[in-house]
Amino acid sequence: MSSVKVGEILVKLGLLKSDQFASAVEEQKKSGQKLTQVILQFGYLKESQILSALQTHYGVQGVDVGKFQIDPAVISLIPQEICNKYTLIPIQKAGGTLLVAFSDPGNIVVKEDLRFITRGKIQPVVGTEVSIAAAIEKHYGGNIKVKALVEMASSEKGDGEEGSSDQIVDLGSDEKDAPIVKFVNSILVDAIRRKVSDIHFEPYEKKYRIRFRIDGNLIEATAPPTVAAAAISSRVKIMSKLDIAERRRPQDGRMSVRTVQGKAMDFRVSVLPTMWGEKIVLRLLDKANLQLDMTKLGFEEDDLKLFKSNVHQPQGMVLITGPTGSGKTTTIYSALAELNQPDVNIATAEDPVEFNLEGINQVQMNSDIDLTFSSALKSFLRQDPDIVMVGEIRDLDTAEIAFKAASTGHLVVSTLHTNDAPSTVIRLTEMGIPTYIITSTINLIVAQRLVGRICESCKVPIEVLKDVIIDLGVAPGDVGEYKLFKGRGCATCNGTGIKGRAAIYELMSMTEVMKEAILKESSTSELRVLCREQGMRTLRRSALLKLKRGITTIEEVLNASIKDM
């Protein structure tokens, strides 16, 4: 069914005004999206209203396709090309009858074609264009022949050595490739296209699940049959040069791929044996998405000025803290990019090296040959460095050498896992670093988190009780300045309402007042109060600024920040 026909149905039933229809058609021509998607983004109607209208118009049952867990055997009955062309998808089979969701169940010719292809009876139901398109993408996962995948999985042993060389693995489609190879390639291509940060391959007793982490949320992707688990695992391990015969121990590797568009991408690979097979997690390392411009990271103007002034100090230490996945790597790489000049010698000890930066001497840690952070640091100090980056301070030995380097004419930048900036001091003292060394060496402690950005395609204003905003820590007199929004969920943001992320920061500068408090061994709560008195913008305050500007939501603020005491 053409998008225009959907719009005409909605206008005819009085759900859509003529001027709204015209505006939606105009936007559709510009963006190339489906008309129903534009109508949803503009907030003219809800998807349930569109579905109800289609049900009324065609006189057949309407279904929310997204709620169906479709069996791969059912998916294999209709080629993806037909599903894409006519916006339809098979969702269930009972005996000789196949239940098919159509965007246009009135198309008699297509139904006859499907009867011929499936050799069975077709029971039509109606679904929206948006939900059917999303289901096609989820269940077909690119140009995959699911039926062939089932047939070939048991015989596929991962014999192809196309990924065993040192060259980049080409993800281009080749008809001679085995179905397993095509399937894995399509998953990688789809992940790159959707800007996924991690891919999870997860085997279970009765299913095999693949999930994408997008903007911090895990979303299910194509679900291959369980019999394909071992073959998929072997294929990924071949591509990342791991031992395909070893299935009892964890393995870590790395691989590089290139899409047909010529885009290169590095993947960090982790294989973990589980009860039902090997779980594999791929971390996508896209240098093109690495934000090295500090002005675009999310710093407030005064915080950015403070951060820059400290990373340009000739000696001392700058610590970036926060949990895993809080954006510490991006912040620290942006600092190194700022400092990377021809007359500066920079050395980094990383585990692993995530991105290659030209002009910087990066060293990969390797515990098998006793190349650890502490041993690498000792070697760095004999390499005439100006700036040293330590991937993470994990133990006393590494901490002592890092503080020694920072106090002997070097700038040291490193990371630590703590909840906020003040608790970093307590963590270091508990590790065994004397307070007098902390106060004389550290220039700045930066704590950070990531908050989701509201999807601009489905962003709508919301009304919130005044007490809810006050409870976040906003002064009663400032509540009127907060105009809140949320994302309703659309195809652009995979129904989450969140598209992209922004960083929030708190910067604890080592002032004389702070040094005195640390030397007196003040508690974390005392240091936190003192920091606020000194003008530090806490993580919560930084998050509230993003909320006030309509960048993020209340839920993101609560998830990413500690409430001010």
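Angles run from 0 to 180 degrees between N-to-C directions, and axes are lines fitted to C-alpha atoms, for helices over the stretch in contact.

Within the sheet, strand 14 (residues 387-390) and strand 15 (residues 411-416) run parallel and are joined by four bridges; in one of these pairings, Val-388 has Val-412 of strand 15 as its bridge partner. Strands of a sheet pair through backbone hydrogen bonds, either parallel or antiparallel.

Strand 2 (residues 97-102) and strand 3 run parallel and are joined by six bridges, and Leu-99 has Gln-123 in strand 3 as its bridge partner.

Strand 1 and strand 2, by contrast, pair in the antiparallel sense over six bridges, with Ala-94 standing opposite Thr-97 of strand 2. These two strands form a hairpin with two residues between them, and in that hairpin Gly-95 takes a positive phi near 65 degrees.

Helix 21 (residues 539-548) is largely enclosed by the rest of the structure, because seven of its 10 residues are buried; buried means under 20% relative accessible area, exposed means over 50%, and partly exposed lies in between (1.4 Å probe, protein chains only). The buried residues of helix 21 are Leu-539, Arg-540, Ser-542, Ala-543, Leu-544, Lys-546 and Leu-547. Among the elements that cover them are strand 16 (442-454), strand 19 and helix 22 (554-560), with contact meaning heavy atoms within 4.5 Å. After helix 21 comes Gly-550, which has a positive phi near 75 degrees.

## Helix 10 against helix 11

Two packed helices are described by the angle between their axes and the distance between the axes. The axes of helix 10 (residues 179-193) and helix 11 (residues 229-239) come within 10 Å and cross at roughly 70 degrees, which makes helix 10 roughly perpendicular to helix 11. Angles under 35 degrees count as roughly parallel, over 145 as roughly antiparallel, 65 to 115 as roughly perpendicular and the rest as oblique.

On the side of helix 10, Ile-180, Val-181, Phe-183, Val-184, Asn-185 and Leu-188 take part in the contact, and they meet Ala-231, Ile-232, Arg-235, Val-236 and Met-239 of helix 11. By class, this contact has nine nonpolar residues, one polar and one charged, where Ala, Val, Leu, Ile, Met, Phe, Trp, Tyr, Cys and Pro count as nonpolar, Asp, Glu, Lys and Arg as charged, and the others, Gly among them, as polar.

Most residues other than glycine have a negative phi, and most peptide bonds are trans. Lys-241, which is not a glycine, has a positive phi near 60 degrees; Lys-241 lies in the loop between helix 11 and strand 8 (251-258) and is partly exposed, with a relative accessible area of 43%. Asp-370 likewise has a positive phi, of about 60 degrees, without being a glycine. Asp-370 is placed in the loop between strand 13 (361-364) and helix 14 (373-380) and is exposed, at a relative accessible area of 56%.

## The chain as a whole

The chain has 22 helices and 19 strands, and its C-alpha trace spans about 80 × 65 × 40 Å along the principal axes. Of the 565 residues in the chain, 49% are buried. Among contacts between residues at least 6 apart in sequence, 64% join residues at least 24 apart.

## Basis of the values

Residues are numbered from 1 along each chain as its sequence is written, and side-chain values use heavy atoms, with hydrogens and water left out. Since this is a predicted model, local features need pLDDT of at least 70 and side-chain atom pairs count only at pLDDT 80 or more, while totals for chains, interfaces and linings use all residues.

Technical notes
Two strands pair if DSSP finds at least two bridges between them.
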